[in-house]
Each structure stands twice: as C-alpha cells, then as structure tokens.
Amino acid sequence: MMSGLEIIGLMGSAAAAGVINAVAGGGTLLTFPALLAFGVSPVTANATSTLALVLGTSGGVVGNRQHFAAVAPWLKRFLPVSLLGGLLGSVLLTHTSNATFGKLVPFLIFFATLLFLAQGVFRRFAGAHLEATACGPQLWAAILFQFLVSVYGGYFGAGIGILMLATLGFIGMHNIYEMNTLKTILGSLINLVAALWFIWAGLVDWPRAAVMTVGAVIGYFLGSHYSQRVPQARVRQGITAIGFIISGATFYKQFAR
C-alpha cells in the first residue's frame, strides 16, 4: 500500500521525467532514483520506470504529430535496429547486474552532450548533409551507433535521447523539432520492446507503474507541446544544459561515496 507522499513523489518524478524526455532525454535519472528511494529493488525499479515512461510517451508523440511526415524516411532506416537492440538490452538486464552499465552512464551522457554541442561546427567543417534517400558510410555508422544506443536503452536507458540527438545532427538533420520527434518515436519503441520483456519476466511493480504513468503522460505532453514555442537556438541551449546537469549529477553520485 502506497502512502500519499509516495504517490505524490512518484507521480511528480514521472511528470518531470516526461518533460525532460520530450525535450532531450534523461528522464530515467529521475524516475529510477525515485523508485529506489521508496524501497523498490534496482531491477524492479528499472523495469517499472521503463514501463511507466513508455506508456507516457503517447503524450509526446501526439504533441509532435505535425512532424511525422518529415521524419518518416529516417524512421524506416532506424526502426529495425532500434527494436532489435532494445530487445537485446532488456534480455541482458535479466541476466546481468546493473553495476557495469551504471558506471558507464555519466561518461556516455557527458560525451553525447559534447557531441550535440559541437555538431554545428562539425557539419560546417565536414560539409556533411545527407538527404533522406542517401546511403553511405556516415549513414551506416549512424545505424550501427543507433543499434548500440538501443541495446543500452533496453538495459537502462538514461540519456539515450541525448545520444540519439547527437547522432541525428551528424547525419544531416538540422530541424530540432523534427529531431525531437524522431528521437521520441524511436525511444518509445526501444522502451516498448524492453517493457514487454520486463512484463514477461515478471519484473514490473504494477501499482507504482500506474501512478507514474499518469505523471509521465502529463509531462510528455506539456514538454513536447510547449517546447515548440521556443526558438530552436533556445531549445538547443536547453538540451545542452540538461545534458551537462544530468552528467554532473551522475558523476557526483558515482564518485562521491
């Protein structure tokens, strides 16, 4: 039986995570610790957080619906590896410890944030701009990287949005709202595959998942809807700031013991 404080805490963390995921990604770093704080075991907390956020993604998808047509060609390229990677990562979680991936989280988020920050300079230097019909080394490298991101996403998932945004910038996407839309769709599918596996493995805490889903839906919708009223430069700055904040918090948690 959950107390009123726990219900408010879990719903609030899920709503904040929904806003962050709709804009940049990294919301798991709010929901996962919140569940741990209320006594949920790490593996169950990870599974429950994944299920709550994937159900809540519907708010973010609806909020970005006007960009579906523009990202459809890219979706066809990244969808297969995203599903396969998400499944593989979720299977790994049920057979290994969280410790190894937990230690990599701050480094992955910090590196991805630096990539996202430098993508404009890189594109001008390399002159790289792929059309949706193109195929080449950069595109295949991006697909491979997306597979690795998806494996990590199925295993734990914190920061996969920032990793995907960095990749999409390097392959030639330049509209931050379209990038966010593609990132949201792919991230939701990765989490969906993982959530289905976690349900099959019996790892989900259903009462807590239900409470967090309500908060996540609200957060995703508000984040995706209102972020589009801000100039693209401000959204980019916000994403970079979120990346460094999450990275700093995870470094502190990892080494300040």
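The crossing of helices α7 and α8 is right-handed, a term applied when the near helix is turned clockwise from the far one by less than a right angle. This description refers to a predicted model, in which local features need pLDDT of at least 70 and side-chain atom pairs count only at pLDDT 80 or more, whereas totals for chains, interfaces and linings use all residues. Residues are numbered from 1 along each chain as its sequence is written, and side-chain values use heavy atoms, with hydrogens and water left out.

Helix α7 spans residues 160-170 and helix α8 residues 176-200; the two pack at an angle of about 130°, with axes 10 Å apart. The contact (heavy atoms within 4.5 Å) involves I160, G161, M164, L165, L168 and G169 of α7, together with M179, N180, L182, K183, L186 and G187 of α8.

Helix α4, formed by residues 68-93, contains 26 residues, yet its end C-alpha atoms lie only 32 Å apart, short of the 38 Å that a straight helix would reach at 1.5 Å a residue. A bend of about 50° occurs in α4 at W74, taken as the angle between axes fitted to the seven residues ending there and the seven starting there.

Apart from its neighbours within four places in sequence, L75 is in contact with L182, I185 and L186. Between L75 and K183, the C-alpha to C-alpha distance is 9.5 Å, with a separation of 108 residues in sequence.

Key. Helix = DSSP H or I, 4+ residues; strand = E, 2+ residues; numbered from the N terminus. Expected span 1.5 Å × (residues − 1). Axes fitted to C-alpha atoms, helices over the stretch in contact; angles between N-to-C directions.
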